[in-house]
Amino acid sequence: MIIGGSASQSLASQVAIELNDKLCSLETKKFPDGERYLRIKEDIPEDEKVIIVQSTGYPQDENMMELFFILDTLSDMNITDITVVSPYLGYSRQERRFKEVECISAKATARLIQTFGVKRLISVNLHEDSICELYDIPVDNLSAMPAIAEHIKETFEVKPVILAPDKGAQNFAKEIATILDTDYDYLEKVRLSPEVVETKTKNISVQDKSVVIIDDIISTGGTIVNAIEILKEQGAVSVDVFCVHPVLVNDAVLKINAAGAKSVQATNSLKSDVSVISLAKTIANHLKAL
Ligand code: R5P
């Protein structure tokens, strides 16, 4: 039985189709004061394996609270075999303490999710691998790169160079480039003098090349805008932008397009205008293999 939370209804439906599983319908609404109501509209046998698909991005608190309501209701129904699939796991950006007595919100979230007896958590390109260690249950951190690579293969006539906007994202570029059998690189800051810092590609030239930028998250778009400007200066003929999680704060897409991107595309870990790559097969294949 697949339960799709409000934040991931289409993805949950697609996963159910891939697995040939039943999709459970929910009744959700908001009271006038903003509090949420939830009812599970199906009879679920106690021994049923239940998979909840619910990303917990913006509005994080509402989506997280809805997940807890689903989990608590399932627990009242004596259902114990529960897997949570949260392709974008909210509150993952603070997984350690930078200043004294800060709340480690990723840890608080982990504690809460586990309170309801969840057996396994599945997510996609978690912001840090170390988030898995905050849980006592198995956490599977799937990669969206094969799905993104497949999409590039299907939609590009010429193999692009795959570029990470910084060193931290170079493994994403490497993973896609390996699948597509093409070149990859990342942008690196080089200090030319005490006053002058230049950002350029580490190993290869992008002159006259079609370039794909890949990052895990696009939030304000600042990182990508900077990368596009550098790549254009260095002679790239086109720049298409891909990410896993389209957080897209305010006018991020507009800023990226205005900087000269040919396209902005993302997975459906979060709902957005650019969420064109489905993670359904990635998630379903993983669930089948468990
Ligand atoms: C950073 O660690 C991430 O990989 C992204 O590069 C970052 O979240 C992008 O943020 P923004 O879009 O605000 O530049």
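Mentor: We begin with accessibility: a residue is buried under 20% relative accessible area, exposed over 50%, and partly exposed in between, with a 1.4 Å probe and protein chains only. The model is a predicted one, in which local features need pLDDT of at least 70 and side-chain atom pairs count only at pLDDT 80 or more, while totals for chains, interfaces and linings use all residues. Residues are numbered from 1 along each chain as its sequence is written, and side-chain values use heavy atoms, with hydrogens and water left out.

Trainee: Why is M145 called buried?

Mentor: The relative accessibility of M145 is 0%, which is under the 20% limit, so M145 counts as buried. M145 lies in helix α4; helices (H or I, at least four residues) and strands (E, at least two) are DSSP runs, numbered from the N terminus.

Trainee: Which residues does M145 touch, beyond those up to four places away in sequence?

Mentor: They are N125, F172, E175, I176, I179, I214 and V244, where contact means heavy atoms within 4.5 Å. The C-alpha atoms of M145 and D216 are 9.5 Å apart, although 71 residues separate the two along the chain.

Trainee: What covers the buried residues of α4?

Mentor: Those buried residues are M145, A147, I148, A149, H151 and I152. Their cover includes α5 (170-180), β12, β13 (238-246), β14 (263-267), β15 (275-277) and α8.

Trainee: How do you know that the buried residues of α8 line one face of the helix?

Mentor: In α8 (residues 280-289) the buried residues are A280, I283, A284 and L287. Viewed down the axis of α8, they fall within an arc of 95°, so they line one face; the arc is that of the directions from the helix axis to the C-beta atoms. An α-helix has 3.6 residues a turn, so residues three or four places apart point the same way. On the other side of α8, K281 and A289 are exposed. The cover over the buried residues of α8 includes α1, β5, β6, β7 (120-124) and β8 (139-142).

Trainee: What makes the buried residues of α3 line one face as well?

Mentor: In α3 the buried residues are S105, A106, T109, A110, I113 and Q114. Seen down the axis of α3, they fall within an arc of 165°, so they too line one face of the helix. R111 and T115, on the other side of α3, are exposed. One of the elements covering the buried residues of α3 is α2 (60-76).

Trainee: Why does S86 count as buried?

Mentor: Its relative accessibility is 0%, again under 20%, so S86 is buried. S86 is placed in the loop between β6 (81-85) and α3 (105-115).

Trainee: How do you know that S86 makes a polar contact with Q54?

Mentor: A polar contact is a pair of N or O atoms within 3.5 Å; within protein, one must be able to donate a hydrogen and the other to accept it, and residues adjacent in sequence count only if both atoms are side-chain atoms. A polar side-chain atom of S86 lies 2.8 Å from the backbone oxygen of Q54, so the pair is within the 3.5 Å limit.

Trainee: Is N20 buried or exposed?

Mentor: N20 has a relative accessible area of 72%, over 50%, so N20 is exposed. N20 has a positive phi of about 55° although it is not a glycine. Most residues other than glycine have a negative phi, and most peptide bonds are trans.

Trainee: Which residues are around the ligand?

Mentor: They are R93, H127, D215, D216, I217, I218, S219, T220, G221, G222 and T223; a residue is near a molecule or strand if one of its heavy atoms lies within 4 Å of it. β12 (210-218) gives the most to this shell, with four residues.

Trainee: What distances separate polar side-chain atoms of D215 and D216 from an oxygen atom of the ligand?

Mentor: The distance is 2.6 Å for D215 and 2.5 Å for D216. The protein covers 77% of the 370 Å² of accessible area that the ligand has on its own; accessible areas come from the Shrake-Rupley method with a 1.4 Å probe, and for residues, only the protein chains shown count as cover.
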